[in-house]
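This briefing goes through one protein–RNA model by topic, beginning with a single residue and moving out to the whole chain. Please keep the sequence and the 3D view open while reading.

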Amino acid sequence: MRGMTNMKKGEYKLIASDGNARAGVLQTAHGAIETPVFMPVGTKASVKSLDPSVVKRAGSQIILANTYHLYLSPGADLISKMGGLHNFMHWENPILTDSGGFQVFSLGAGKKSRSSKSDPLRQGYEGQEIRNLKQGVILANEVRPESNKQDESLKDSGQARMTDYVNDIIPEAKITEEGVEFRSHRDGSLHTITPEKSIEIQTKLGADIIMAFDECPPYPSTREYYKESMERTHRWLLRCIAEKAELEHLSSLSDLRNLSYSQNTAKDQLLFGIIQGGMFNDLRQESAKFIVKQNLPGIAIGGVANGGESRELMMNQIEWITPHLPSEKPRYLMGIGTPIDLIEFISRGIDMFDCVLPTRLGRNGAFWTVEGAGGRQQGAGSGAPARQTGAGKRIQIKNAQFTEDPNPLMQGCDCSTCKRFSRAYIHHLFIEDEPLGMQLLSIHNIHLLISITKVLRESILNKNFTAVSQNLRQIWLS
RNA sequence: GCUGGGAUGGUAGAGUGGUCAAAUACAUCAGACUGUAAAUCUGACGCCCUUGCGGCUACGUAGGUUCAAAUCCUACUCCCAGCA
């Protein structure tokens, strides 16, 4: 891969397209990526439960890691000292780091669905006041154990309820123009991440693709909030770009470090901007135009699946945006998806995807397959509706119906799990909490998404994308 | 054989007169999960009924006391510990 020397780093080559679907190659410091591509998520420098070599064998060309988590632990300096992320985790292929912007949402503002008008986010935000209140409550709780002999009843009364209440409404993160102030989910310590800081951390981590620091508003939010947030994200992007230029300049000045071959410096990294704008057409278009104007090596679309969005809404958002995107830049839809998502969005011109689902579902006992839940014994149990549609679906391997199912997870799948193990065996592993079960399902799920991208890529090259994608769509649309 | 302790829902184990169909955990059966605070979370879990401050059957067995018993009394069965 590294051999594609005819391409410059950061160059994206659109090789073929069929309808809106595109097949291309993106050159990074650690080799080329063939798109469309699915990128497994390895937040803390590990695709959970999987040895990198296994991730590679499942077909992964590139994986993700997260700035926020690695900044908190073990720290960007340490990873840099260890030779950068690639060396640290022994993944010699491309890596993309997310900026930590999403955590503002997932750990803070978007923690609860925000529908009530007591939502601080929607009303100008009195975060500090609430935080003080919260600290007071926490303090009270901490003191209690020593003196709890005297009044047990206190626990069930007002105080506990107050804690719940405050936990419920307080955003853990406070967003300002400067950046985001938040509490570590690990130890509660206070931190601030700014666009500059995010880029600095990502440079130390040394991924091949780094992401702009953005804000990802919860869904649904008001138009006003989406707009405000989007505009702030745009301003943050300019600061990210400036910071990156600064770091590139610095790194080119200093030959001080004897960087190992695979350790990236600032100028090796490709910065992607992120389109926001939420569920509003005009905002999405406005954001798209703004991001495109920055002429970055790649364009990402964020905030598409933050809550209960219907697939239709997600598709709408993409359709609003893509007409504004240049064909010569890779397009990355952040946080998506499922098999049907990949099919639909590749059809709509997306090149890159990442999603925690294949690994999270895998760890939690679910897998994707094109087969009905059939097995041998149909509907053995009580009412098992046996919702068989023939279409692809997500299935729980722990379900009793798989106890004696000798079949692979998915007939004809050539992942290392399906080639060797039965549903009955994996069912057993899950029932007995054997970690191998999580690994086997994660491998299958990752492999499945990747193989969908490969099949579609192939069909784009062969100009029969419509037929192939339509076929897949029928299989996976449930 | 004697003495003492004990028998509770699939399992372990709370509960010692009413608010107990019975805490809790595990097991079981399902569901959820989309830029990972997730090997997590949620629900069901005696039987019946769509529901419910619903009906029925339940705390070793059989009787009894009481308005009311898993909880008190009697006998029996079995288990455990110590002593013979």
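In this predicted model, D433 counts as exposed because it has 8 C-beta neighbours inside 10 Å, where 12 or fewer is the limit for that class. D433 is found in the loop between helix 15 and helix 16, and its phi is near 55°, a positive value in a residue other than glycine.

**Around helix 15**

- D433, with its positive phi of about 55°, comes just after helix 15, which spans residues 423-431 and has R423, Y425, I426, H427, L429 and F430 as its buried residues.
- Helix 16 is included in what covers these buried residues of helix 15, and helix 16 is also an element that gives two or more residues to the surface near RNA strand B.

**A45, a second residue with positive phi**

- A45 also has a positive phi in a residue other than glycine, here near 65°, and is found in the loop between strand 4 and helix 1.
- Is A45 buried or exposed? A45 counts as buried because 22 C-beta neighbours lie inside 10 Å, where 20 or more are required.
- Leaving aside neighbours within four places in sequence, A45 is in contact with A65, L70, L85, F88 and M89; for F88, which is 43 residues apart from A45 along the chain, the separation of the C-alpha atoms is 8.2 Å.

**Cis peptide bonds**

- The peptide bond from T35 to P36 is cis, with omega near 0°, and P36 is found in the loop between strand 3 (31-35) and strand 4.
- Another cis peptide bond joins Y219 and P220, with omega about -5°; P220 belongs to the loop between strand 10 (209-211) and helix 10 (223-253).

**Nonpolar core**

- The largest nonpolar core has 113 residues, and those that touch the most other members are M39, A212, F272, A300, L333 and F353.
- Helix 16 provides the largest share of this core, with eleven residues, and the core draws at least three residues from each of domain 1 and domain 3.
- M39, not counting residues up to four places away in sequence, touches I62, I63, L64, L96, M352, F353 and D354, and F353 is itself among the core residues that touch the most other members.

**Domains and their contact**

- Chain A is divided into domain 1 (12-109 + 176-355), domain 2 (126-170) and domain 3 (362-378 + 389-476).
- The centres of domain 1 and domain 3, taken over C-alpha atoms, are separated by 28 Å, and the contact takes 27 residues from domain 1 and 29 residues from domain 3.
- On the side of domain 1 that touches domain 3, at least two residues each are supplied by strand 1 (12-18), strand 2 (21-28), strand 4 (37-40), helix 1 (52-57) and helix 13 (339-347).
- Helix 13 gives the most to that side of domain 1, with six residues, and the residues of that side divide into 16 nonpolar, six polar and five charged.

**Surface near RNA strand B**

- RNA strand B is surrounded by 48 residues, of which H185, C216, A305, G335 and T359 are the closest.
- The elements that give two or more residues to this surface are strand 5 (63-66), helix 5 (101-109), strand 14 (352-355), helix 14 (357-363) and helix 16 (435-461).
- By class, the surface near RNA strand B has 20 nonpolar, 19 polar and nine charged residues.

**Chain A overall**

- Chain A has 17 helices and 16 strands, and 46% of its 478 residues count as buried.
- Among contacts in chain A between residues at least 6 apart in sequence, 71% join residues at least 24 apart.

**Confidence**

- The complex is given an ipTM of 0.89 and a pTM of 0.85 by the predictor, while the mean pLDDT of chain A is 83, with 79% of its residues reaching 70 or more.
- Over residues 112-170 the pLDDT stays under 50, and the model has 36 contacts beyond four places in sequence for this stretch.
- Residues 373-390 likewise have pLDDT below 50, and this stretch has 23 contacts in the model beyond near neighbours in sequence.
- Where pLDDT is low, the predicted coordinates should not be read in detail.

Conventions: Residues numbered from 1 in each chain as written. Chains lettered and ligands numbered in written order. Predicted model: local features only at pLDDT ≥ 70, side-chain atom pairs only at ≥ 80, totals over all residues. Near = placed C-beta within 6 Å. Helix = DSSP H or I, 4+ residues; strand = E, 2+ residues; numbered from the N terminus. Nonpolar A, V, L, I, M, F, W, Y, C, P; charged D, E, K, R; others polar. Domains from an automatic or database assignment. Contact = placed C-beta atoms within 7 Å. pLDDT = per-residue confidence, 0-100. Core = buried A, V, L, I, M, F, W, Y, C linked by C-beta atoms within 7 Å.
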